[in-house]
Amino acid sequence: MEDGRPIFLQIAELIENSIIDGTLAEEAQVPSTNELAAFHRINPATAGKGVNQLVDEGTLYKKRGIGMFVATGARAKLRDRRREDFAQQFLHPLLAEANKLGIDADELKRMIDRWEQGR
Amino acid sequence: MSTVVSAQQVSKRFRDVTALDDVSFTLEENRIHGLLGRNGAGKTTLMQIMTGQLLASSGRLTIDGRSPYENETVMSRVCFIKESQTYPQYFKVRHALESARLLFPGWDEDFAQALLADFRLPLNRQVRKLSRGMHSMLGIIIGLASRAPLTLFDEPYLGLDAVARHLFYDHLLTDYAEHPRTVVLSTHLIDEVGELLEHVLLLDQGRVLLDTTAEDLRGQVVTVAGPGSAVDELAAEYEELHREILGRYARATLRGTFGTAERARAKALGLDLEAVSLQDIVVRLTTAHARSGDATTTGTRKKETLR
């Protein structure tokens, strides 16, 4: 675990990423708190806090005595939320850097088009 | 959540040295607590009082509500692994393990055997002929297999290589997850254990400098870097622990609240935010504390200049 944000948030985000990219299918079982703690070498209470946040948000649900599962519809919901965050998280720093280098919006658009064609 | 260890205004004086000075804190049950601080901060003295090996000069310390000093009921629930543990001359590794089995009601022999195999510790070697690292392994095996409701490790890994240390961390985490208990870990290798800890107690010159959850601490201290004027502007609203200057570029370690709004503000000022590891937080806090303790006037902060 790196970066300055609380570790439990990073754990929640890792699970979200797995749901968004399909590694964790809807209705699939999520690793237990203890498994997450052992794998990431973090305190089990911290891992539990990350998992519980996803339960509170309805992304995961508990089956008593069995474990945690991905809720149906979680993937679409997470994608929608990440799309809303996209501008703030990615466009804002991109435009700030472009501005620093004197790249205007038109030039930036051309660069994106060229990048797309080059692939 | 119940309290296992409670210290109220505990002080310990050795002739003219004050090892602990009015220390108050509580340790909650079934958590991993980090007891951190520089050499001579009072960590070992505190653990000796917690395990009934020393009596406080003043104040009151209890384990499960009772004084640990000469109290067998309390001590059967406590396992203290210290770097300087000595055994009788003729003791072999297996004798040390047999004594531990008799001493700790929660002892798990299968777990001890599994640990012995993992650490590759020879059962029939005399303890006094073990290398420094192997001696530490023996302590770790006893500490883990004892499953004592309160387990204290005082610098448990002197001479241990990185492989053995990570074996220790992995076993501690998995066994703690399956058999929750209260663990106190005193260590200098803060970066290695930072993420294992749930609660941090930082001692400095016999006093409690910090008593907080590791998670709160991570969000509390941040390094910002960028144009000096922007750093000045942001630093004015925080407690500044440290600053380095490179020409007109500055980097400051700040303590305070760093939520989403504060982070956005720092970015808008053109500042980069960097995470500060638990180890760096401890270094910054203890040195900042030492400076403020020495200074006769408050508000002056030493600024390092790099050129």
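In which sense, parallel or antiparallel, do strand S11 and strand S12 of chain B pair, and over how many bridges? In this predicted model, strand S11 (residues 239–246) of chain B and S12(B) pair in the antiparallel sense, and seven bridges connect them. The two strands form a hairpin with two residues between them, and in the turn Gly247(B) has a positive phi of about 60°. Leu246(B) stands opposite Tyr249(B) in S12(B). Strand S12 (residues 249–255) of chain B is also joined to strand S10 (residues 221–227) of chain B by seven bridges, and these two strands run antiparallel, with Val222(B) standing opposite Leu254(B). S12(B) is mostly covered, since five of its seven residues are buried.

The secondary structure of chain B comes to eleven helices and 14 strands, and its C-alpha trace spans about 65 × 40 × 35 Å along its principal axes. Of the 307 residues of chain B, 40% count as buried. Among the contacts in chain B between residues at least 6 apart in sequence, 69% join residues that are at least 24 apart.

The domain assignment divides chain B into domain 1 (3–205) and domain 2 (218–305), and the C-alpha centres of these two domains of chain B lie 35 Å apart. Where they meet, seven residues of domain 1 of chain B are in contact with seven residues of domain 2 of chain B. On the side of domain 1 of chain B that touches domain 2 of chain B, the elements that give two or more residues are helix H7 (190–193) and S8 of chain B, and by class this side has three nonpolar, one polar and three charged residues.

A further part of chain B is an open sheet of six strands, which has the order S5-S6-S7-S3-S8-S9 and mixed pairing. Strand S5 (78–82) and strand S9 (207–213) of chain B stand at the edges, each with a single partner strand, so that one side of each is left without a neighbour in the sheet. From one strand to the next, the twist averages 15°. Strands of a sheet pair through backbone hydrogen bonds, either parallel or antiparallel. Both senses of pairing can be followed here from strand to strand. S5(B) and S6(B) run parallel and are joined by five bridges, and the bridge partner of Ile81(B) in S6(B) is Phe153(B). S6(B) in turn pairs in the parallel sense with strand S7 (residues 182–186) of chain B, again over five bridges, and in S7(B) the bridge partner of Leu152(B) is Val184(B). In contrast, strand S8 (residues 199–204) of chain B and S9(B) run antiparallel and are joined by six bridges, with Leu202(B) standing opposite Leu210(B) in S9(B).

In soluble globular proteins, nonpolar side chains tend to be buried together. The largest nonpolar core has 99 residues, of which Met50(B), Leu138(B), Ile141(B), Leu152(B) and Val224(B) touch the most other members, and the largest share of this core, seven residues, comes from H5(B). When residues up to four places away in sequence are not counted, the residues that Val224(B) touches include Val231(B), Leu234(B), Ala252(B), Leu254(B) and Leu273(B).

The contact between the chains takes 16 residues from chain A and 17 residues from chain B. Helix H1 (7–20), helix H2 (33–40) and helix H3 (44–56) of chain A are the elements that give two or more residues to the side of chain A that touches chain B, and by class this side has nine nonpolar, four polar and three charged residues.

Note on methods
Residues numbered from 1 in each chain as written. Chains lettered and ligands numbered in written order. Predicted model: local features only at pLDDT ≥ 70, side-chain atom pairs only at ≥ 80, totals over all residues. Contact = placed C-beta atoms within 7 Å. Helix = DSSP H or I, 4+ residues; strand = E, 2+ residues; numbered from the N terminus. Nonpolar A, V, L, I, M, F, W, Y, C, P; charged D, E, K, R; others polar. Pairing = 2+ DSSP bridges. Axes fitted to C-alpha atoms, helices over the stretch in contact; angles between N-to-C directions. Core = buried A, V, L, I, M, F, W, Y, C linked by C-beta atoms within 7 Å. Buried ≥ 20, exposed ≤ 12 C-beta atoms within 10 Å, placed from the backbone. Domains from an automatic or database assignment.
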